[in-house]
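Visitor: I would like a close look at a single part of this structure. Please take it step by step.

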Amino acid sequence: MKRSYEAARGRLYALQQFGIHLGLETVSSLLSELGNPQDRFPVLHVAGTNGKGSVAAITASILQAAGIRVGLYTSPHLLDFRERIQIRGRCIPGGRVVELFDRIQSLPSFAVPPTFFEVATAMAFQYFAEEQVEIAVMEVGLGGRFDATNVCRPTGTVITNVSFDHEKYLGSSLEAIAFEKAGILKWNVPLVMGPVERSVDRVLQEQARQKQVPTFKFGSEFLSVSHPSGAFDFVGMHRNYANLRCALEGKHQTVNAACALAVLEAGVMPRTSIPEWAVRQGLEQVSWPGRLERLRRRPLVLCDGAHNPAAAECLKISLQRNVSAQRARRLILVIGMMQDKNLAVFLNTLVPLAEAVILTKINSPRAATVRALKEALPVIDRPVYERDTPEAAMDLATCLASENDLICITGSLFLVGHVKSLMTGNAYEPVLG
């Protein structure tokens, strides 16, 4: 069976040759051939530039704690494709991946061949339907309006935030990107909005008005209040919780947790009761690898998949806190990025914090070269090292760091996945979809 899964996975990854195809025609046709499994369970649909994966993971964790049979679909994966499709926290078995992929491959050919992400999304919908999930939390892959997940029928939607990323596909202004993300709105289905710029708010509110969508805004209809202890309070539309604790690191995660709690209030609790103890347990037990994840304690090694300017700002706050928490702690950054990212803004945000910077190249044809990263660097008076591979970069970081120091691996989830595999000994399945 292992060989069969590896073969199916290889054929699935080969679909990357068809690139990114924004549109719903092909995935709709594919799902129609499967009997429209996406219509057989309710969905919470989560979009946003940053934080959507964390919101999806938190939401699913709370539902799972409440005893609900919940499906979770996210992308990309860190180490193993099966991470993308989970039920009650368990990855889809390899045998089911083989079975579902073979079934899809046996369908009649389509005018436009389905992409990797379209097939993966169809597999998730079919798996959730066959396993009779009570609800699924679906993370948008790219944008919203033309994302393959947007064929679902949600009971609640979330747009965590809107900032610059994937401008080639989504537009060069915040307003254009907001319009694409607002494409997940469905008639009269509640929308939860995280903190957004005023211009973005106008776009989202206008799209909501046209579809008679009730909106619930962070800082207005709901909010979170952080405490110095790390706990936070949630003030919601109908419920308030005091002294909550989220297992995910970073102050920004309290905002993500508030968005998760708000969409549960708006899209689930009118029909399904979720007790307070399940809310607390779900928050305390949530796991979302690759986001401020601790891989080692001495020296402290953190990995974070930040890859755009807004994510870099959140990471900056967390790194400043971690460095100041221990006397004489130095920060060593290991950075690798994709070439289509805003390299200069990302690097200008984080590099001034570091005592040493190691630039490396991700194993991908889309990766930025070490030279491109170096050219985008701000002028700094500290060492900058260049290494051609993540393995060499981590060897150097380990040599440079004392037990008291902090090594942070960032710039891309694909670099994070590669380094995590090196440090844990787990196999790595790189894929860009």
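How do the axes of helix 11 and helix 12 cross, and within what distance do they come?

Guide: Bear in mind that this is a predicted model. Helix 11 covers residues 309-324 and helix 12 covers residues 343-350. Their axes come within 9 Å and cross at roughly 10 degrees. Angles under 35 degrees count as roughly parallel, so helix 11 is roughly parallel to helix 12.

Next, the residues that make this contact. On the side of helix 11 they are Pro309, Ala312, Glu313, Leu315, Lys316 and Leu319. Helix 12 contributes Val345, Phe346, Thr349 and Leu350. Sorted by class, the contact of helix 11 with helix 12 has seven nonpolar residues, one polar residue and two charged residues.

Leaving aside neighbours within four places in sequence, alanine 376 is in contact with Leu343, Ala344, Leu347 and Asn348. The relative accessibility of alanine 376 is 15%, and buried means under 20%, so alanine 376 counts as buried. For a sense of distance, take glutamate 99, which is 277 residues from alanine 376 along the chain. The C-alpha atoms of these two residues are separated by 46 Å.

In helix 2, residues 25-33, the residues Thr26, Val27, Leu30 and Leu31 are buried. Seen down the axis of helix 2, the buried residues fall within an arc of 130 degrees, so they line one face of the helix. Among the elements that cover these buried residues are helix 4 (94-105) and helix 5 (116-130). Just after helix 2 comes glycine 35, with a positive phi of about 90 degrees.

A last case is a single side chain. Serine 54 lies in helix 3, residues 52-65. At 4% relative accessibility, serine 54 counts as buried, because the cut-off is under 20%. Its side chain makes a polar contact with the side chain of glutamine 253, at 3.2 Å. With neighbours within four places in sequence left aside, serine 54 is in contact with Leu248, Gln253, Asn256 and Trp288.

To return to the part you asked about: helix 11 and helix 12 have axes that cross at roughly 10 degrees, and the residues in their contact include Leu315 and Phe346.

Definitions and conventions: Residues numbered from 1 in each chain as written. Predicted model: local features only at pLDDT ≥ 70, side-chain atom pairs only at ≥ 80, totals over all residues. Heavy atoms only, no water. Axes fitted to C-alpha atoms, helices over the stretch in contact; angles between N-to-C directions. Helix = DSSP H or I, 4+ residues; strand = E, 2+ residues; numbered from the N terminus. Parallel < 35°, antiparallel > 145°, perpendicular 65-115°, else oblique. Contact = heavy atoms within 4.5 Å. Nonpolar A, V, L, I, M, F, W, Y, C, P; charged D, E, K, R; others polar. Buried < 20%, exposed > 50% of the residue type's maximum accessible area, 1.4 Å probe, protein only. Arc of directions from axis to C-beta. Polar contact = N/O pair within 3.5 Å; in protein donor to acceptor, adjacent residues only side chain to side chain.
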